[in-house]
Amino acid sequence: MITRQRRAAGVCVLFAALTAGIALPTAALADETTAAAPKVNLVLDVSGSMRERDIDGQSRMAAAKQAFNEVLDATPEDVQLGIRTLGANYPGDDQKTGCKDTAQLYPVGPLDRTEAKAAVATLAPTGWTPIGPALLKAADDLDGGTGSKRIVLISDGEDTCAPLDPCEVAREIAAKGIGLTIDTLGLVPNTRMRQQLSCIAEATGGTYTSVEHTDELTDRVNQLVDRAADPVVTPVATEGASECAKAPALESGLYTDRAEFGQQRWYRVDVLPGRELRASVSVSADRDVNPGYGVLLRAVTVHGREIVRGEAAGNGRTDVISTGLRYPKREGDDDDADKPAAETVCLQVTHSFSAAAGVKTTPGLPLELTVDVVDGPSEASDVAAFGLGRGWWLLGALVLTGFVGGLLWGWLSRWRVAVWRAN
């Protein structure tokens, strides 16, 4: 009897061990998936000024609620989302108390859309605008995990909790090196608010967007939430030179720089035969600029001969303007096939933005440059392989054709005049 009990106990222990062995890896895998999940914290200004009725005939608060409901419906399943408020609870006049008025309305984690919508529905414009304290708390909400982290701040006014500068708070968050990005959206912005929100976004590599319509707010927040699920690529800070000879040598990657108004920025890339250079540049208008703008990206040789160019232009309001180019280098361009020499291609970036009256021109506008050197086209007949750098052949042919045509036309004219005189 005792032996049978021992055998039964042993079987139970073995079964439990096998069960645990199967369950533990599954739990560990779930923990890893959760830790790597992208996180987004929506920070909403619920201060008294959100009562203003100047967005599509409704209050700013109503527009924000409508946008939030649509965003919650469209949030990807793998994104952990939270909502934090500022100025939602204290209606009094004591600044010290008002500057502590920030709360987590919905915790960052797996999204229960019904619960989150019910929480948003309770909001009513109330108090102060403690942007700095709210950002500090929002960063703490996102602590932990290895996935991307993003704060999306939506506000209609400047911070009212000086001397705690929100711009300095954003720089402090960036200095922690936790990979957190802050994007800002300004509802019906004025100049000072735009400057503050732009500074906050700039400090962490985020973006600033002006919003004056409900659909704009919905679309932009959706874009930012979707972006959180994208693979994280950290741009490398670089500093372009005023001429190619002094320019930094770049490899494939993503780079950030600043371009002053009316300034050229130069970079260098080495391209081996059989390889193709692909480059694109984006210039952001992070302050008031005049209508009429453009950006030019040129690839030239070290001797200044243009190879290819990309350009874009526009007129009116914009947040960013981009262009790109590609340059395949053919295999047969080098005589020594055993040791092919790389060609140094100089990239020149120029923009024609101009600052509006009273707007600071320094630092320059944010510039993002993507460089990719890949295997070239397999077809030797690819027209891009010739580039615009060989346009001098066409130019020479046109000049020769024009010269011969001019001679023939001149001879024909003189012959007709001579015949006319003879008659």
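The following legends describe close-up views of a predicted model.

**View 1**
Six strands form an open sheet: the 6 strands follow the order 3-2-1-4-5-6, and their pairing is mixed. Strand 3 (102-109) and strand 6 (208-211) are the edge strands, each of which pairs on one side only. On average, neighbouring strands of this sheet are turned by 15° against each other, with direction ignored.

**View 2. Helix 2 on the sheet.**
Helix 2 (residues 60-74) packs on the sheet. The strands that helix 2 touches are strand 1 (39-45), strand 2 (80-86), strand 4 (149-155) and strand 5. The direction of helix 2 makes about 165° with that of strand 1.

**View 3. Strand 6 and its partner, strand 5.**
Strand 5 (residues 180-187) and strand 6 run parallel and are joined by 4 bridges. Gly 186 has Ser 210 of strand 6 as its bridge partner, and Leu 185 stands opposite Thr 209 in strand 6. In a regular strand, side chains alternate between the two faces of the sheet. In strand 6, Tyr 208 and Ser 210 lie on one side, and Thr 209 and Val 211 lie on the other. These four residues are all buried, and both faces of strand 6 are covered.

**View 4. The packing of helix 2 with helix 4.**
Helix 2 and helix 4 (residues 113-121) pack at an angle of about 170°, and their axes are 10 Å apart. Helix 2 is therefore roughly antiparallel to helix 4, because angles over 145 degrees count as roughly antiparallel. Helix 2 contributes Lys 65, Phe 68, Asn 69, Leu 72, Asp 73 and Ala 74 to the contact, while helix 4 contributes Arg 113, Ala 116, Lys 117, Val 120 and Ala 121. By type, the residues of this contact of helix 2 with helix 4 comprise 6 nonpolar, 1 polar and 4 charged.

**View 5. The crossing of helix 5 and helix 6.**
The axes of helix 5 (residues 131-141) and helix 6 (residues 166-175) come within 8 Å and cross at roughly 20°. Helix 5 is therefore roughly parallel to helix 6, because angles under 35 degrees count as roughly parallel. The crossing of these two helices is right-handed. On the side of helix 5, the residues that meet helix 6 are Ile 131, Gly 132, Leu 135, Leu 136 and Ala 139. Their counterparts in helix 6 are Pro 166, Val 169, Glu 172 and Ile 173. The contact of helix 5 with helix 6 is made up of 7 nonpolar residues, 1 polar and 1 charged.

Methods: Residues are numbered from 1 along each chain as its sequence is written. This is a predicted model: local features need pLDDT of at least 70, side-chain atom pairs count only at pLDDT 80 or more; totals for chains, interfaces and linings use all residues. Side-chain values use heavy atoms; hydrogens and water are left out. Axes are lines fitted to C-alpha atoms, for helices over the stretch in contact, and angles run from 0 to 180 degrees between N-to-C directions. Angles under 35 degrees count as roughly parallel, over 145 as roughly antiparallel, 65 to 115 as roughly perpendicular and the rest as oblique. A crossing is left-handed if the near helix is turned anticlockwise from the far one by less than a right angle, and right-handed if clockwise. Contact means heavy atoms within 4.5 Å. Ala, Val, Leu, Ile, Met, Phe, Trp, Tyr, Cys and Pro count as nonpolar, Asp, Glu, Lys and Arg as charged, and the others, Gly among them, as polar. Two strands pair if DSSP finds at least two bridges between them. Buried means under 20% relative accessible area, exposed over 50%, partly exposed in between (1.4 Å probe, protein chains only).
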